[in-house]
Amino acid sequence: MNKYAAIRAVSTYLPEKVECNDSNDHLSKKLGIQERHIAAENEAASDLAVHAAEKLFSSHAVEKKDIDFLLLCLQHPDYQVPTTACQV
């Protein structure tokens, strides 16, 4: 058993809907962002996190039982309490 913390794998998920920015748009001109992935009306941050987790389990040799904690950083959590990480 390891006696240290380690990140063994990372996975991401992007919503299917893509919105392209106008080339004169502030996001394009100043930040270089050409397109954005937009969550569906009924998709919350926890939904996106669960999709990423499912992708992690299917793409890497990671078992749910081997995860000791989940670090989930959000600007807009689903709820104040309980935390979104606990929900995921």
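This report walks through a pocket, a surface patch and the salt bridges of a predicted model.

## Ground rules

Residues are numbered from 1 along each chain as its sequence is written, and side-chain values use heavy atoms, with hydrogens and water left out. Local features need pLDDT of at least 70 and side-chain atom pairs pLDDT 80 or more, while totals for chains, interfaces and linings use all residues.

## The largest pocket

The largest pocket comes out at about 1300 Å³. Its lining counts 33 residues, with A9, I67, F69, L70 and L71 closest to the centre. A pocket here is an open set of points on a 1 Å grid over the protein atoms alone where a 1.4 Å probe fits, with protein on both sides within 12 Å along at least five of seven lines; lining residues have an atom within 4 Å of a point.

## A nonpolar patch

V50, L70 and V88 make a nonpolar surface patch of about 200 Å². To join such a patch, residues need over 30% relative accessible area and no salt bridge, and nonpolar side chains are joined within 5 Å.

## Salt bridges

The whole structure has 2 salt bridges, each a side-chain nitrogen of Lys or Arg within 4 Å of a carboxyl oxygen of Asp or Glu. R36 pairs with E19, their closest N and O atoms 2.4 Å apart. This pair links distant parts of the chain, 17 residues apart: R36 is in strand β2 and E19 in strand β1. Strands are DSSP runs (E, at least two residues), numbered from the N terminus.

The other pairing is D66 with K65, at 3.3 Å from N to O.

Definitions and conventions. Grid points are joined across faces, edges and corners, and a volume is the space filled by probe spheres set on the points. Patches are made of residues with over 30% relative accessible area and no salt bridge: like charges are joined within 9 Å, nonpolar side chains (Val, Leu, Ile, Met, Phe, Trp, Tyr) within 5 Å. Accessible areas come from the Shrake-Rupley method with a 1.4 Å probe; for residues, only the protein chains shown count as cover. Helices (H or I, at least four residues) and strands (E, at least two) are DSSP runs, numbered from the N terminus.
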